[in-house]
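I opened my notebook to look up a few backbone, helix and sheet details. Here is the model I had on screen.

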Amino acid sequence: MSSRAAGRSIPLPIQSMSARTQHRTGEPDRDSESVARALREVPHRRRNALTGDWLLVSPHRTQRPWHGHTEPRQAAARPSYDPDCYLCPGNRRAGGAENPTYTSTFVFSNDFPALTDITVSRLNGSSPLRAAAPVQGACRVVCFSPRHDLRMSGMSIPDIRAVVDVWGEEVERLGVRYRWIQIFENNGAMMGCSNPHPHGQIWATSEIPHEPGKEDVCQREYHATNGRPLLADYLTNELVAQERVVAENDDWVAVVPFWAVWPFETLLIPRAHRVRLPDLGETERDNLADILRTLLRAYDGLFDTDFPYSMGWHGAPEPGGHQEHWMLHAHFYPPLLRSASVKKFLVGYEMLAEPQRDLTPEAAAERLRSLVHAAHPSHP
Ligand SMILES: [Zn+2]
Ligand SMILES: [Zn+2]
């Protein structure tokens with residue numbers, strides 16, 4: 001290896017900077033201060049040359065506030081209003097803006113966004129071993145409730161329905177401009193949530209990220225072969241087997257998927273072929289609020305704790321395109337394994353080879369299902 005190759009920066013000039021000549025493949029890059037600065041300051045994606053995986057790099061985010069570590073272990077006595085919370089109604093946020101005195105949901109653009117609309121012209125300058133690609137995007141924050149002390153599991157069904165409606169509106173609004181809209185919620189300090197106020201996030205991007213990109217390929221291939229959506233057939237199988245179904249109502253089914261990695265991971269699927277959140281009808285939205293509450297309460301009951309989780313929606317990318325192979329669904333990835341404090345870590349073999357689990361998905365589903373039945377004896 002040439003000694004010139006070591007320790008050089010990657011070409012990532014932002015548009016306003018002077019254009020450079022193309023490097024030959026593998027040639028060490030002697031790019032400028034401007035490239036180094038762009039890699040330090042501008043959101044972009046980088047590719048792992050060993051695996052082909054891509055990751056989002058958001059280098060300017062280090063100044064965002066962190067409150068998670070000050071949160072008490074159990075949210076037993078959280079106040080309904082916290083004067084120091086940057087999401088509570090009427091409070092001032094770190095970026096200086098003041099929240100309105102909202103009474104239902106409240107959506108705003110993140111003051112410390114991981115993505116921006118900064119345009120970069122050329123990122124793939126010198127070498128396939130150091131690939132980078134531009135990405136534009138927007139980050140929104142959705143406060144589920146003005147109440148600082150609530151979690152979604154403790155909200156009323158009409159109030160959860162209001163959150164469902166906001167999700168649909170944001171997908172429609174952001175979908176005009178971006179190819180992928182990622183709705184998600186990190187709940188609990190264990191999941192890295194920096195504020196206990198009930199809220200979720202929406203990141204919209206100009207590119208389809210890695211996970212949904214893989215799902216798009218698999219669903220497209222299945223549909224091409226079988227003529228039906230993959231998840232529609234999967235759901236039919238699960239409803240016949242009834243081994244991994246956790247909860248169901250007229251419009252929705254929650255299952256621990258056959259391939260679950262996290263101990264109590266679940267997949268929430270509509271019974272009808274729905275492609276995106278805005279496609280949902282009135283009753284489907286009400287029933288979604290209902291099953292969200294049922295599922296989250298079962299989670300809370302599992303270890304008698306404010307059960308932490310990451311959840312998110314996967315709807316078809318690129319609104320307007322032909323997306324019959326897609327089926328709308330939500331993933332829930334909770335980290336807890338055996339108790340309120342014993343967390344599953346993806347380490348060792350799982351980092352280096354592939355995920356592994358001891359508790360079977362079927363056993364996990366049985367435990368969750370028993371909690372649903374205990375809360376709703378009439379449940380099927
Ligand atoms: Zn608050
Ligand atoms: Zn998915």
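**Two loop residues**

I started with Gln-242, which is found in the loop between helix H4 (230-241) and strand S8 (245-248); helices (H or I, at least four residues) and strands (E, at least two) are DSSP runs, numbered from the N terminus. I noted that this is a predicted model, where local features need pLDDT of at least 70, side-chain atom pairs count only at pLDDT 80 or more, and totals for chains, interfaces and linings use all residues. Residues are numbered from 1 along each chain as its sequence is written, while chains are lettered from A and ligands numbered from 1 in the order in which they are written.

Gln-242 has a positive phi of about 55°, although it is not a glycine. I flagged that since most residues other than glycine have a negative phi.

Is Gln-242 buried or exposed? I use buried for 20 or more other C-beta atoms within 10 Å of a residue's own, exposed for 12 or fewer, and partly exposed in between, with C-beta atoms placed from the backbone. Gln-242 counts as exposed because it has 12 C-beta neighbours inside 10 Å.

I then found Asp-304, with a positive phi near 50°. Asp-304 lies in the loop between helix H5 (282-302) and strand S11 (309-314). With 10 other C-beta atoms within 10 Å, Asp-304 is exposed.

**Helix H2**

I checked the length of H2 (residues 157-175): its 19 residues should span 27 Å at 1.5 Å a residue, and the end C-alpha atoms are 27 Å apart, which agrees. The expected span is 1.5 Å times one less than the number of residues.

Next I listed buried residues of H2, among them Ile-160, Val-163, Trp-167 and Leu-174. Seen down the axis, the buried residues of H2 fall within an arc of 150°, so they line one face of the helix; the arc is that of the directions from the helix axis to the C-beta atoms.

What covers them? I found that the cover includes strand S5 (137-143), strand S6 (180-187), H5 and S11.

**A sheet and the whole chain**

I traced an open sheet of three strands, ordered S2-S1-S4 with antiparallel pairing; two strands pair if DSSP finds at least two bridges between them. Strand S2 (54-57) and strand S4 (132-133) stand at the edges with a single partner strand each, so one side of each lacks a neighbour in the sheet. Two bridges join S1 (residues 44-47) to S4, and Arg-46 stands opposite Ala-132 in S4.

Last, I noted seven helices and twelve strands in the protein chain. Buried residues make up 36% of its 380 residues.

Technical notes. Contact = placed C-beta atoms within 7 Å.
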